[in-house]
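Grab a pencil and have the model open beside you.

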Amino acid sequence: MRELAYEIVFGTLEKGKHSDFLLHAIQEREKTLTVHQKSYLKRLAYGTIERAVELDAVLNQFSKTRVCRMDAAVRTVLRMALYEIRYMEQVPDAAACNEAVELVRKKGVGKYAGFVNGVLRNIVRQKDRIRLEEEWVNLSLPEPLFQHLVSQYGKKTAEKIGRAFLEKENVLTIHVDTNRIPLKEYAGLLEEKSISFRHGYYMENALLLSGVSDVCALPGYREGFFFVQDESSMLPVVCAGIRPGDTVIDVCAAPGGKTLHALHMLNGDGHVSARDVSSKKVNLLRENIQRMQYKNVESKVWDGVKPDDEWRERADVLLADVPCSGIGIIGKKPEIKYHALEQAERLVPLQRKICEASVTMLKPGGVFIYSTCTINHAENEENAAWLEEHLGLRRDSIDKFLPAVLRNRMTEQGMLQMLPGVQKTDGFFVARFIKV
């Protein structure tokens, strides 16, 4: 298992690949893995990636060679072993040390075996004395990102956000299609299967399921009784106020949660044009639409930065859930934290180009929904102000679409920012506009 975990950690932290992609590739390749092995693999790999800032700080206290100057393979093995020592109580410290030495040898850097053994055993002897003073280290956030959050939300809220990233619940959120099955009836199907769940905090058709290892095995999967969608991701369609008969365009649609939600709201009366930039993304979108058996929908490959003259001023509602830095979902995709600020700076111009091209497809008086899964002002409030100033859009209150607990001065002005640790969801931003 450690060699498989090494593939994920090394590929993610050293090669810049996506941990989810690497994990899924391994699970496809290693068909004989048990549920227990899969759980161990994911915990060790994702935990190491998530805690890398903290792990490096500890290693730097006990190693004469700074982590940043170590051989990449050695650095990866030390991080994994230290994560086991600090957070996986079922693994004896001696086993973590011995397995790390063996793994270093297997990776062709056996000359560092003595170094790895010495560092880890020194840590084991003194692990009760480890003290991490800086808050950003305790939260395992890169210092620039932590300071960025402090500058935008204040120190107390930044600390809440950081803790929420580390303490996220292992739940799967599904959106039940109540046009096909009443929520109470579907909940009964879960109870019959002894699947633990609770109702959503904010969205009435959301159920939060615990201990789900295979979504395809859930009752009603093949029948299209539900689709996977976080509560925060339900906000764009909820705030759009989509009604039967509307024409809706989803310009960055994959993997399809908002498209499916819009089709649910239309209930067979209306049309959705869902598009994304690559055939791979659109194929995933089509698979989800097919499983849910929805009609009145087209899906096509389209680059969102290009206007679509065929659809000029045809949409009643336009959904622009644009590519973003993803800071709001670090709890689920921990590697995001290591490049988020650089990504945000690069993505703001792209976000504006997508919106500028998309607004041409919206009817005068139509609803434009802008959303991201980040908590960065430049991509959210500052972009909302830019959209209003440059694209003939006017912000419109979203209070009437939201539960009372989410309403505030900001929502009255047409925007909502969900913060991990403050609200019980991922970080998410949504803004509603009317085309003048």
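Contact here means heavy atoms within 4.5 Å, and helices (H or I, at least four residues) are DSSP runs, numbered from the N terminus. This is a predicted model, where local features need pLDDT of at least 70, side-chain atom pairs count only at pLDDT 80 or more, and totals for chains, interfaces and linings use all residues. Residues are numbered from 1 along each chain as its sequence is written, and side-chain values use heavy atoms, with hydrogens and water left out.

**Exercise 1.** Work out how α5 and α6 are oriented, and which residues meet.

*Step 1.* Find helix α5 (residues 72-87) and helix α6 (residues 93-106): their axes come within 9 Å and cross at roughly 165°. Axes are lines fitted to C-alpha atoms, for helices over the stretch in contact, and angles run from 0 to 180 degrees between N-to-C directions.

*Step 2.* That angle makes α5 roughly antiparallel to α6, since angles over 145 degrees get that label.

*Step 3.* Now pick out the contact: Val77, Met80, Ala81, Glu84 and Ile85 in α5 meet Asp93, Ala96, Cys97, Ala100, Leu103 and Val104 in α6.

*Step 4.* Sort those residues, and you get nine nonpolar, no polar and two charged. (Ala, Val, Leu, Ile, Met, Phe, Trp, Tyr, Cys and Pro count as nonpolar, Asp, Glu, Lys and Arg as charged, and the others, Gly among them, as polar.)

**Exercise 2.** Track down the largest cavity and describe its lining.

*Step 1.* On a 1 Å grid over the protein atoms alone, a cavity is a set of points where a 1.4 Å probe fits but cannot get out, and lining residues have an atom within 4 Å of a point.

*Step 2.* The structure holds one cavity of 30 Å³ or more, and the largest cavity has about 40 Å³ of space. A volume is the space filled by probe spheres set on the points, which are joined across faces, edges and corners.

*Step 3.* Its lining is Arg2, Val77, Met80, Ala81, Glu84, Ala96, Glu99, Ala100 and Leu103, with α5 and α6 each supplying at least two residues.

*Step 4.* By class, that lining has six nonpolar, no polar and three charged residues.

Conventions: Angles under 35 degrees count as roughly parallel, over 145 as roughly antiparallel, 65 to 115 as roughly perpendicular and the rest as oblique. On a 1 Å grid over the protein atoms alone, a cavity is a set of points where a 1.4 Å probe fits but cannot get out, and a pocket is an open set with protein on both sides within 12 Å along at least five of seven lines; lining residues have an atom within 4 Å of a point.
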